[in-house]
Amino acid sequence: MKIIIWTIFTAVMGFLAVFYNNEPLCMLTLLMGIMPIVSLIVLILRRITMRLKLSAEDMTVNFGEGIKAKLILYGLPLLSQPEFDCRIRIRNLLTDKESDMIVPIKRSFLSISSVTIANVVPDECGMVEISLSPSKLRDSLGLFSFRVFKKANSVSAVITVLPKITDIPVKISGSTANYFSNTEAYSTEKPGDDPSEVFDTREYRAGDSLRAIHWKQTARTGELVVKEFGLPIESSAAIIYNCTDNLSDCMNFITSLSLALLNEECPHKIYYKIKDEETHTFITKEDDLSAILPTLLSSKPQLADFDNIKEAFVCEVREGGRVLVNGDDVCDVFDKYMPIIEVKGAES
């Protein structure tokens, strides 16, 4: 529309200049005819030479912290970079929530200029993608525009927004602490008395059983060496991630409960179904939890029956954020003040 108005106005000016044989008016008309052409050529050069790069400074942020990203603009030093609004898309892979933000790019005569973005504060945990969305680059006269970034939504960075940790009071009962099932893991920090797994070897001490002597190493070193047997880690508790809505709040609860159990030295399993695969992860330390968070924060879970659970204590997070403990509805993940969750066997 602007180019049409400009053309009509230039044509009227030209007609009046010829009709009145006004030389200054003729020069002005000629200038008005040349200006859009020059402006279009400059815009094409800017579009060809301009490059934008979006990168994140921190790949992992805590809940409530802002994502710090940097937008760098590259161009020819002979052409001033135009002032325009760059559109950035933010997408949470866990909740599939999308939002756009506008970053104003100020006019610059430098070949490289940068803008720091620090006001992106996600209100949900999850793996967050930030990418450049198509934006319009206009000429100085505002007559022409070109679409920037034909490859729309190409991912520039993926940032992990960790779950919000809240205090969940837990009480470990004796029936759960003394519960034993078929173990699948052994401690890497403490020795035990299970002869089926060797924890380490050491020099023989007075009082050590002759059955514990490692005869091969003894023969090789010429000194008595004994085996330290493994310490089985029993899983007496289970957390079931079995919902498809309110995923950010559910992950906040599951992570907080897992950490609360670890603080009470209660190993446990987290059961979940993702990409049609029903599985579980044995959590014995915080590193185990950290290892599965990227998977849980980047994929939507699926509902499952989880029929093969043998743990004495079962906490299930269901649809709507409801929390069931051994089948009893005790609270939901939105509660500001959590009740004491007693970790006890079903028989207690």
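Predicted model: local features only at pLDDT ≥ 70, side-chain atom pairs only at ≥ 80, totals over all residues.
Colleague: Let's start with the whole chain. How many helices and strands does the protein have?

Modeller: There are six helices and 21 strands. The protein has 348 residues, and 42% of them count as buried.

Colleague: What share of the contacts joins residues at least 24 apart in sequence?

Modeller: Take the contacts between residues at least 6 apart in sequence. Of these, 68% join residues at least 24 apart.

Colleague: What does Leu257 touch, not counting residues up to four places away in sequence?

Modeller: Leu257 touches Ile168, Val170, Ile239, Cys315 and Ile341.

Colleague: On to the rings. How is a pair of aromatic rings described?

Modeller: By two values, the distance of the centres and the angle of the planes. This structure holds three aromatic pairs. In one of them, Phe15 and Phe19 have ring centres 5.9 Å apart and planes at 20 degrees, so the pair is stacked.

Colleague: Where do Phe15 and Phe19 sit in helix α1?

Modeller: Helix α1 covers residues 2–19. Phe15 and Phe19 are four residues apart in it, so about one helical turn separates them.

Colleague: Is Phe15 buried or exposed?

Modeller: Phe15 is exposed, and Phe19 is too.

Colleague: What kind of pair do Phe19 and Tyr20 make?

Modeller: Their ring centres are 5.0 Å apart and their planes stand at 85 degrees, so this pair is edge-to-face. Tyr20 is exposed as well. Phe15, Phe19 and Tyr20 form one aromatic cluster.

Colleague: Which residue lies over the face of Phe282?

Modeller: Lys269 does, at 5.9 Å from the ring centre.

Colleague: Last topic, charges. How many salt bridges are there?

Modeller: The count is eleven, taking a nitrogen of Lys or Arg within 4 Å of a carboxyl oxygen of Asp or Glu. Start with Asp100 and Arg89, whose closest N and O atoms are 2.9 Å apart. Asp100 lies in strand β5 (residues 98–105), and Arg89 in strand β4 (residues 84–92). They are eleven residues apart.

Colleague: What is the relative accessible area of Asp100?

Modeller: It is 36%, so Asp100 is partly exposed. Arg89 is partly exposed too, at 23%.

Colleague: Which residue forms a salt bridge with Asp96?

Modeller: Arg91 does, with the closest N and O atoms 3.0 Å apart. Asp96 is partly exposed at 39%, and Arg91 is partly exposed at 27%.

Colleague: Where do Asp123 and Lys97 sit?

Modeller: Asp123 is in the loop between β6 (112–120) and β7 (126–132). Lys97 is in the loop between β4 and β5, 26 residues apart from Asp123. Their side chains meet in a salt bridge, 3.2 Å from N to O. Lys97 is partly exposed, with a relative accessible area of 40%.

Colleague: Which residues are linked in a network of salt bridges?

Modeller: Arg87, Arg89, Arg91, Asp96, Glu98, Asp100 and Glu129.

Notes
Residues numbered from 1 in each chain as written. Heavy atoms only, no water. Phe/Tyr/Trp six-rings, centres within 6.5 Å; stacked < 30°, edge-to-face > 60°. Helix = DSSP H or I, 4+ residues; strand = E, 2+ residues; numbered from the N terminus. Buried < 20%, exposed > 50% of the residue type's maximum accessible area, 1.4 Å probe, protein only. Lys NZ or Arg CZ within 6 Å of the ring centre and 35° of its normal. Contact = heavy atoms within 4.5 Å.
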